[in-house]
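Have your viewer open and your selection tool ready.

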Amino acid sequence: MTGNENAVVTATDLTRRYGDGEAAVDALRGVDISVRDGELVAVMGPSGSGKSTLMHILAGLDKPTSGNVTIGGETITGMDDTALTKLRRRRIGFIFQFFNLLPMLTAEENITLPLSIAGEKVDKVWLGQLLEKTGLTNRKTHRPNELSGGQQQRVAIARALVSRPSIVFADEPTGNLDSKTSGEILMLMRDSVDTFGQTTVMVTHDARAAAIADRVLFLADGKIVQESSDISAEDVVRVMQGLDS
Amino acid sequence: MFRVVLKGLAGRKLRAILTAFAIILGVAMVSGTYVLTDTLKAGFGQIFTSVYKSTDAVITGKSAIGNGQNGQLIAPSFDASLLTKVRALPDVAQADGGVGDTNGVVKLVGRNGKVISHGFAGGLAFSVNPDGNQRFNPLVLVHGTWPRGAHEIGIDAATASRDHYAVGRMIGAIGRGSVHQYRIAAIVKLGGVSSIGGGTMAIFDLPTAQKLLDRVGKFDSIYVAAEQGTTPAKLVSEIRPILPAATQVRTGQGEAAKQTSDADNATSFLQDFLLAFGGIALFVGIFVIANTLSITVAQRAREFGTLRTIGATRRQVMTSVITEGFVIGVLASVTGLFLGLALAKGLQKLFDAFGFDLPHGNTVFATRTIVVSLIVGTVVTVLASTFPAIRATRVEPIAAVREGALPPSRLARFGLPAAFGTLALAVALLLFGALDHSAPTAQRLLGIGGGVVASFVGMAFLAPSLVPPLASALGWPATRIGGVAGNLARENSMRNPARTASTAAALMIGLALVSAVGVLAAGIKATFESAVDKQFIADYALTSQNGFTPTGIDSEAAIRHAPGVTVVSGVRGGDGKAFGKTVQVTGVEPNVDKVIRITWVAGNAKALGSDGAFVEKSYAKDHHLHVGSPIALETPSGASLPLKLEGIFKAPSGGSPFGQVTISAALFDRSYQAPANVYAFVDVTGGVSDATTAALSSSLKRYPDAKVQTASEFKKSQEQGLNTFLNLLYVLLSLSIIVSLFGIVNTLVLSVFERTREIGMLRAVGLTRRQTRRMIRHEAIVTALIGAALGIPLGVGLALLIGSIIGSFTITIPIATLVTFVIAAIFAGLIAAIFPARRAARLNVLEALQYE
């Protein structure tokens, strides 16, 4: 699995320990992972399984206690803050549970924000495509507080895609949405993988979210305990119940 | 990115405005000061230019001893015969002489028999020539005709309208003699300006003015116009050879420039004085802005985290906060700049109210005012935003997904060492300023100023450690009075000690300054009073109405005849030059030891005669004098008096009633033009009683400028000037306290934002609106009291330190004044809480619970 020719993200033997001594908690205890180009990977697991920690480390938001992470062939472990920031600009897109939009900017401005921060020009054609895909063409001048939760998350998705990153990390993208909207958002994410070939890693506890993934990694106690491809929502629920007990 | 900053600011308007307020006031003070002083300078310039408009040359008396110290030093008058010689010069087309006084010798007396005065500005008096072509007359006739003869007067239009006088009515005037009534022939004004300040103006024809000013046969100035084709410079060079001693000649323009520059010097002092208060307000503003922005940064941790995850570098985050500071700074500076225009008017009114009247003229809004105000305001704001900006860079990208406060400032760990380091530096600087007598005065003052600033900064560093115990102690009454709301308030103020500390530190500065001023003033007063108590052994003192301008010696003669008077002894005052320096000279009568207790170190004043003198011990020491030493004293008119030292006395630290050199009143009256008393002392049979006071007062009926006072009244009236100045300082310092109030408002409003969900929860479980308001109010009061607890002791400490520098300073802690400041701090807290408390109470419970 590791060392795959067209892997976008690889991690080898990741461990993460919080605190030390008696109070130490091992969030990750040796995780290996490889995400292939154009793949949608879901990471699942019960609370405290380490799935969020894994994603934070893969995305360079947190540092592993040991182990290595590469993104697009570059080893990010040990990178300094500036190099990491530059890497995020080029290679990483983020989707958050609470959208994290800037309230004073319009939908369009929020979407193009990564480009303005990087000082890059907006590709109008690409932006138009994104707006159309996310169904925001008529909403682009609205501010976040004028948009529904689902629309806000669409803005966030478009923002994650706008710089054509190597990889998009989604942290519980449906965690703050109702069931119908969640479904729409998941369709959109699946669609972006299919249409644009956007490699995506998604942390979720939503069984339906896992069901649209190409591959599902189940985490428990800081280790990958099962890996399944093309698994149905029902099976996901079953596996999860097994992990919980 | 810049657009993001602008949009962000627009999205947080209230926060931006609250931040801006802290800087607006300081900038307004700077801009207002410049507008005011520029306007004053222009006003003086206009006055003097218009006065010498048609004059090619001016001859004036020239003081032999340079500029005096006590204001009454005037250039000596010269013999009127000079005019004939000037007129005889070939290139002189016209010349005229006049007398005048700008030192408040001549006063107008109202219908009630009292001197007409508005504040401290004295009366001006000029002679005019009713028959001439008025070429040299700077005055403009508003009504009537130029006064002529011994019974006519002209008065200024401002006084006429203020006190309801018209042409044809009678008005009193008093010079060096007793009051006389005059018929108002003219209402006049000075060309070019709307007002010369609060001073009154009295004009007479030449002989009347000469008599009133005790200058019969003399002139103070001669105005000369040249024949066509003769330049002023040439005219001046023609006049110069015929001038007697103690006179000088200048071109009209030169004289205008000279007088303008003299006035400018005074105005520049005023400018520096007021700018200092603007500086203090801006200094306090730095604290307020840094604190407000720090809180905002902490509240925006998730936003900064998000920006970092989508590719913003630390530098970009820092730049965005500083840019925010820059934009706020520019907007606040522009607002402050224009507010300064209004403040200039307010300052002028303030000075009017305190009796320091200034001339009014057209408002001058100079480019320098704009440039300095904008730069100062912007730089200060940007400076204040650097600290929060650095904190913002400490937000890790992970803050985008993780709830959690901003990591504590890395500097916090160094808080205590920094505090003690800065305080040690403060003490070192203060001690250097205080004790290193070998250093130049400017350096020592800088040391003291730097020490005071360092002590503020040090205390601000120390404050976070002091907040928990202080809040706990000072919040105790709140828990008693406010119940659960008071309890919550106390807890809230301890929740984030750093925040409460910097909010309180801003108030601390203002309170420390007013406390220091209060303690110093109390010490100065106590020292002065003890000096009066030691020396004032007479029953009454006779002074002018305001207590400090000299009075003519006729009033002393008048009181001599009052029933029961046993001793009257006047003390003359004037300037002289001895050992190359200008000194104050006093003249005493032989019976001076009956009214003033003098502690003789050597000799005495029994036989001053026509060449005796006595001096204070320190003066004798400085100039190596002993009884029998010769002293050469030069008078303003150029005469040199050979004196012999007869006595050396020791004055108490609170001040000597005499000048550096004291001679006999008889010699003084012979040597000085228009001699006057600084004060006279009176003994009566039976001591002080209401009846005697009334009898003495009635003997002075014709001298409305004079008044009798008992020792305690004398003390009070002598302290009046100090009290007025003290009040002015309080008003000006209150500006910095207002700035710190905005700091409290900001912190509370931002805390309410932050605690919205919590307040919603409290309301949901039954906290009433009233209790919510009370909670915020108590929190504000606790913060204000912390400011007082830090500031007042600091101010008292600084004052005592500075007092010990002044030396021989009676340490007095004005408890009542300090208690007033504490109460004022509580009220300040109450006022600051109004707006945030209302906001908190109005929160919709349901929305508040869902607020993120």
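Predicted model: local features only at pLDDT ≥ 70, side-chain atom pairs only at ≥ 80, totals over all residues.

**Stop 1: where the chains meet.** Show chains A and B together. Here 22 residues of chain A are in contact with 21 residues of chain B. Now colour helix 2 (81-91) and helix 3 (107-118) of chain A: these are the elements that give two or more residues to the side of chain A that touches chain B. Colouring that side by class gives 11 nonpolar, 5 polar and 6 charged residues.

**Stop 2: two residues with positive phi.** Most residues other than glycine have a negative phi. Select A:N100, in the loop between strand 6 (92-95) and helix 3 of chain A; its phi is positive, near 50°. A:N100 counts as buried because 23 other C-beta atoms lie within 10 Å, the cut-off being 20 or more.

Next, pick A:E172, which sits in the loop between strand 7 (167-171) and helix 6 (179-196) of chain A. Its phi is also positive, about 45°, although A:E172 is not a glycine. With 21 C-beta neighbours inside 10 Å, A:E172 is buried as well.

**Stop 3: a helix crossing in chain B.** Select helix 1 (residues 2-11) and helix 9 (residues 314-353) of chain B, whose axes come within 10 Å and cross at roughly 60°. That angle makes helix 1 of chain B oblique to helix 9 of chain B, and their crossing is right-handed. Show side chains for the contact: among them are B:F2, B:L6 and B:L9 from helix 1 of chain B, and B:T323 and B:V327 from helix 9 of chain B. By class, this contact has 6 nonpolar, 3 polar and 1 charged residues.

Notes:
Residues numbered from 1 in each chain as written. Chains lettered and ligands numbered in written order. Contact = placed C-beta atoms within 7 Å. Helix = DSSP H or I, 4+ residues; strand = E, 2+ residues; numbered from the N terminus. Nonpolar A, V, L, I, M, F, W, Y, C, P; charged D, E, K, R; others polar. Buried ≥ 20, exposed ≤ 12 C-beta atoms within 10 Å, placed from the backbone. Axes fitted to C-alpha atoms, helices over the stretch in contact; angles between N-to-C directions. Parallel < 35°, antiparallel > 145°, perpendicular 65-115°, else oblique. Left-handed = near helix turned anticlockwise from the far one by under 90°.
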